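Please look at the sequence and the structure before reading the points below.

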Amino acid sequence: MEEFCLRTAQWEPPDAETVSVDMHPPLSPYSNSPPLPRTRSGSVPSPMDVDAGPASLHPAVAPTWTPFKKAASPSKPSNTPKDNSTSSTSKLPPLRISTKGWDIAEMCRTYSSFQEVPRLSALKGTDVLLEALDEYEKDGIPLIIDNWQHHPKWPADVFSIDWLLRTAGEEEIHVRNVHDRKDHSMVLSEFVKSSRSQSYYAAPGELQRLYWKDADCPPAWRDWLLTSGAIPSRVLPCSPDDYLGYLTHSESVESLLCYMGIGDTYTAAHKDLCASSGHNLMCFAEDGGSSYWFMTAADDAPKVAEYFHTQLRQELDWETHFTTIDELGRAPFTVYVAQQKVGDLVMVPPRSCHQVVNHGGLAMKTSWSRMTLNNLITALRYELPIYRRVCRPEQYRTKTILYRSMLRLTEQLSLAVPETNLPDLQQIGDRAVSLGPEDDIFRLNNPEAFLDYPDSPTSPGSPTITVQPLDRTMCALKLKKLVELFDQVLHEEYAVCHADFDHVIRPDTGNSATGWGITTGPLLTDDNDAVVPSSPSKFRARERAAACNLACDFCGADIFQSFFECKVCRRPGDDPAAQVGDGLLVCPACYVEGRMCNCEDMHPAQCRPFDILLADRNEAAAAVSTVLDDSKRMSKVTKGEVLTLGDLCVFEAACALHKFRHDNANKVSP
C-alpha cells in the first residue's frame with residue numbers, strides 16, 4: 001500500500017550531560033515529538049541506539065510543531081540536542097572515555113562487584129556447547145563462546161578488512177561521530193582511511209571519532225552464519241525458536257547487523273530491545289583491536305534500573321548515559337566484564353544492561369537478536385510497561401509477534417502428519433531451500449520439516465532439508481502458553497461496543513470465502529500479493545494476514561489492535577482525505593492518562609474486526625485440546641467472557657472515558 005508519514009522533522013535524545021531529569025515520573029526526550037513515521041506496509045523505525053539490534057534512527061533537529069495538547073507536567077529535559085560544534089577551544093567537548101591502561105584482571109581486583117564473564121571454547125564439541133547454552137538460558141548469566149577463529153569452518157578469507165574493501169570499499173555508508181552524536185555519509189574506504197589515521201585513544205579536545213553502526217551484514221557473512229553449520233542453529237537468527245521470523249514480510253525486523261570502529265568508540269549502557277537475547281561475534285580486527293564489555297545478569301534488571309534512577313539520576317531506557325568504570329564499580333550488583341577479541345561470540349541475556357567500548361585498531365562485529373517464547377513473555381510482562389513510561393518506541397512489535405506465532409503454531413499442529421505420510425523430498429528439490437521462516441513456503445505447508453545446515457559430501461556448507469515428525473506435545477505446550485498470553489492481549493484490547501468502530505483492515509468476505517491469503521515472503525508465483533492455497537482451511541483470511549503497522553504518536557507503543565485517532569490535528573498540508581489510521585494516533589493507555597490532540601476530538605478505532613482475533617484464539621485453543629490431555633485442554637472463549645480474562649481492560653476504560661467526555665462536552669462547569 002501507499003506509504004505515508006506525518007513527521008518530517010525528527011530528532012534524537014539529547015546527550016546525557018544536557019538532561020536535567022525529574023524522576024517522578026521520568027519524561028522521555030521523545031514525549032513532545034510529532035507523530036512517528038508510519039507506513040501500512042513497513043515497520044516503525046526506532047530512535048534507539050543499540051549495539052546488538054535493529055537499525056536505529058537518530059535525527060538531529062528538534063521539531064518545531066506538535067499536535068498534542070499541552071498539559072501541566074514536571075520540568076522537562078530540553079528537546080534541543082547540545083551543540084558541540086565550535087571553533088573555540090574553550091567549548092571543546094569533554095573527553096568522555098579512554099580505554100588507555102584498561103586491564104580486566106586489574107578491574108576485578110579493584111572493584112569487588114566486577115567478575116569476569118564465563119568462557120567456553122567453541123572447540124569443546126556440540127554436546128558441551130548445548131549443555132552450556134541450556135545453563136546460560138536458565139541462569140541468565142552472560143557467556144562468551146570463544147575460539148571460533150580456530151574452528152575448521154571459520155572463513156578467514158571473508159572475515160577480513162581486505163575482503164570488505166575489495167567488495168564494498170566504494171559503497172556509501174553512514175557513520176556516527178561519538179563526540180557530538182551526529183551522523184555523516186562517506187565512502188567505506190574513506191572511513192577506514194580516516195580511522196587508521198587517528199590515535200587509538202581519544203584525546204582532550206578531539207572533535208571527531210567515527211563509528212560505523214547498524215550496517216547491513218554482508219551477504220557472504222550472512223550465508224556463512226546461516227549455512228556453515230559451525231555455530232549451533234538454536235542461537236542463529238530465524239531459527240525455529242526465534243519468533244521474530246514469524247512476522248510477515250512487511251512486518252519483519254532486521255536484527256542481523258554489523259559494527260566497526262577504532263578504540264574509544266562506544267555504545268552507551270542499554271538493554272537489547274524488548275527483552276530479546278543478543279549475540280555479538282567479532283569477525284576481524286587490526287593491530288590487536290578488541291572490545292570491552294560490561295554486562296549484568298538478567299535477574300538484576302530491576303536493581304540496575306533503580307541504581308540508574310537513584311544514584312546516577314539517569315533513565316536507563318533512554319540509552320543516553322555512558323557509565324564510568326567507577327560508577328559501575330560502586331553498583332550494588334555484579335558487573336560481568338570481558339575483553340572481546342576475534343572469534344569471541346558474546347551471549348547477552350534478555351534484560352541484561354550492557355555497555356561496549358572498543359579498544360585498539362579497527363575491529364568489526366556482526367550481531368543479531370532472537371525472540372524466543374520466554375523472551376516474548378518477559379517483554380510483555382516487564383519491558384513494554386517500561387517503554388510506555390519512558391516513551392520509548394517499541395520497534396519489535398511484541399503483540400504482533402505473539403499473534404503471528406500463535407497463528408503459525410496453530411497451523412503446524414493442524415497440518416502435522418504421521419512420519420509415514422511425509423512428502424517425497426525428491427520431488428521438492430531446491431524450491432524448499434530458504435534462509436528464514438518468513439520466506440519458507442515449504443515449512444508453512446510441511447511443519448514437520450525444518451532446515452539444517454551440515455556439510456554434505458557434494459556441497460560442503462550448503463543447506464539441506466531435515467524432516468522429522470513434529471513433536472506435537474511440545475508444540476501444543478508452546479501454543480498453550482501463547483494462547484494464555486494472547487488472552488491478556490484480548491482483554492486489554494476489547495471494548496463491548498467494538499462492532500461500532502471503524503477498522504483499518506476491513507472485512508473482505510469475497511477473498512475470505514475463496515481462501516486466498518497474504519504471503520509471508522517471496523513465493524514461486526508471478527503474483528507476490530497472494531497465492532491460491534490447496535484448500536481454504538490452510539491459510540488465514542486476507543484480513544487476518546494483512547499487516548497493520550501503526551504506533552502511538554505520543555509514547556511510541558506498537559498499536560496492535562485498538563487506538564484513538566484524530567484526523568484534524570495533523571501537519572498542515574497533509575492529505576485531507578485521510579483513511580482510518582492515517583491521522584494522529586494515541587494508544588488506549590495514553591488516552592486514559594489524559595494525552596490527546598489539540599482539538600480534543602479523538603475517536604476510538606481498531607485495526608481489524610475483533611471477531612477475527614477471537615476466532616483465531618479459539619482455533620488455537622482447539623488445536624491445543626486435540627493434543628494435550630484433559631487437564632491441560634483449553635476451552636473456547638465467547639465475547640461475553642473476554643472481560644473476565646484479566647484485571648486491566650484498558651480499551652474498555654478508555655472508551656468509557658471517551659463517552660463521558662463526549663456526553664459532557666457541551667455542559668458548562670458550575
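The points below cover the basis of the model, then its cysteines, then its nonpolar cores.

This is a predicted model, in which local features need pLDDT of at least 70 and side-chain atom pairs count only at pLDDT 80 or more, while totals for chains, interfaces and linings use all residues. Residues are numbered from 1 along each chain as its sequence is written, and side-chain values use heavy atoms, leaving out hydrogens and water.

**Cysteines**

- A disulfide is a pair of cysteine sulfur atoms within 2.5 Å, and by this rule the model has 0 disulfides.
- Cys258 is in no disulfide, and the nearest cysteine sulfur, that of Cys217, is 4.1 Å away.
- Cys258 has a relative accessible area of 0% and is buried; buried means under 20% relative accessible area, exposed over 50%, and partly exposed in between, with a 1.4 Å probe and protein chains only.
- The closest cysteine sulfur to that of Cys552 is in Cys555, 3.8 Å away, which is too far for a bond.
- Cys552 also counts as buried, at 0% relative accessibility.

**Nonpolar cores**

- A nonpolar core is a set of buried Ala, Val, Leu, Ile, Met, Phe, Trp, Tyr and Cys residues joined through side-chain atoms within 4.5 Å.
- The largest nonpolar core has 48 residues, and Leu479, Leu482 and Phe486 have the most contacts inside it; contact means heavy atoms within 4.5 Å.
- H11 gives the most to this core, with 9 residues; helices here are DSSP runs (H or I, at least four residues), numbered from the N terminus.
- Leu482 touches residues including Tyr243, Leu373 and Met406, not counting residues up to four places away in sequence.
- Another core, of 45 residues, lies apart from it and includes Tyr136, Met186, Phe191 and Leu281.

Definitions and conventions
Helices (H or I, at least four residues) and strands (E, at least two) are DSSP runs, numbered from the N terminus.
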